[in-house]
Amino acid sequence: MTDASPDDALAEREAEQPGLPPSRPLEIVTAVVSLLVFALVTWLAGRIELRAETGGIDPRWWPRALGLAGMAVSAALLVVAVVRTIPRDDVESTTRTGWIRLGVVLAATAAFAVAWPAVGFLPSALVYALVLIAVLGGRGWKTLVIFPVGVTAFIYLLFHTLLKVPL
């Protein structure tokens, strides 16, 4: 016979299972918001103005494909969220540091959107990548120098040089 109360047993189970308790409403809201965002991406992709209709793969194709793929994944997440409870053992409680990082990421994204037309893609993307990596935990000179330069160069070469999309 044990002297442990039901509250002790509950506390012991919670200690064994780190993270937050399952939240079906949160999962459903997240999936619906994601579905709506990707629907907006798909709609906006269809509004891209073309100089000449090419038929087939055109500048609308890739954003539309990404939007439709995102909608499909979001719909699958919504079905899973409605059908079963999703464990959240990999989710930690929010912290003040996390909110500050989120604010810095959002501010950096807004600054990037303003800086790109003003100073051009290369300098704004390089600084944006550097800020994101630093804020999200990148340390060391290789991570803070080589990675942003490599990513920016890859994006520039892919879109500007290979695909002939003006950046």
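## A greasy pocket

The lining of the second largest pocket splits into 16 nonpolar residues, one polar and no charged. (Nonpolar covers Ala, Val, Leu, Ile, Met, Phe, Trp, Tyr, Cys and Pro; charged covers Asp, Glu, Lys and Arg; the others, including Gly, are polar.) The model is predicted: local features need pLDDT of at least 70 and side-chain atom pairs 80 or more, while totals for chains, interfaces and linings use all residues. Numbering runs from 1 along each chain as its sequence is written, and side-chain values use heavy atoms, without hydrogens or water.

This second largest pocket holds about 270 Å³ of space, a volume filled by probe spheres on grid points joined across faces, edges and corners. Phe112, Trp116, Phe121, Ala125 and Ile155 are the closest to its centre, out of 17 lining residues. α4 (96–119), α5 and α6 each give it two or more residues; helices are DSSP runs of H or I, at least four residues, numbered from the N terminus.

## The largest pocket

Now for the largest pocket, with about 550 Å³ of space. A pocket is an open set of points on a 1 Å grid over the protein atoms alone where a 1.4 Å probe fits, with protein on both sides within 12 Å along at least five of seven lines; lining residues have an atom within 4 Å of a point.

Its lining has 17 residues, with Asp58, Pro59, Leu163, Lys164 and Val165 nearest the centre. By class, you get 12 nonpolar, one polar and four charged. α3 gives the most, with three residues.

## Arg47 and its loop

Arg47 sits in the loop between α2 (24–46) and α3 (61–83). Its C-alpha atom is 8.1 Å from that of Arg60, 13 residues apart along the chain. Arg47 has a relative accessible area of 56%, so it counts as exposed (over 50%, with a 1.4 Å probe and protein chains only).

Key: Buried means under 20% relative accessible area, exposed over 50%, partly exposed in between (1.4 Å probe, protein chains only).
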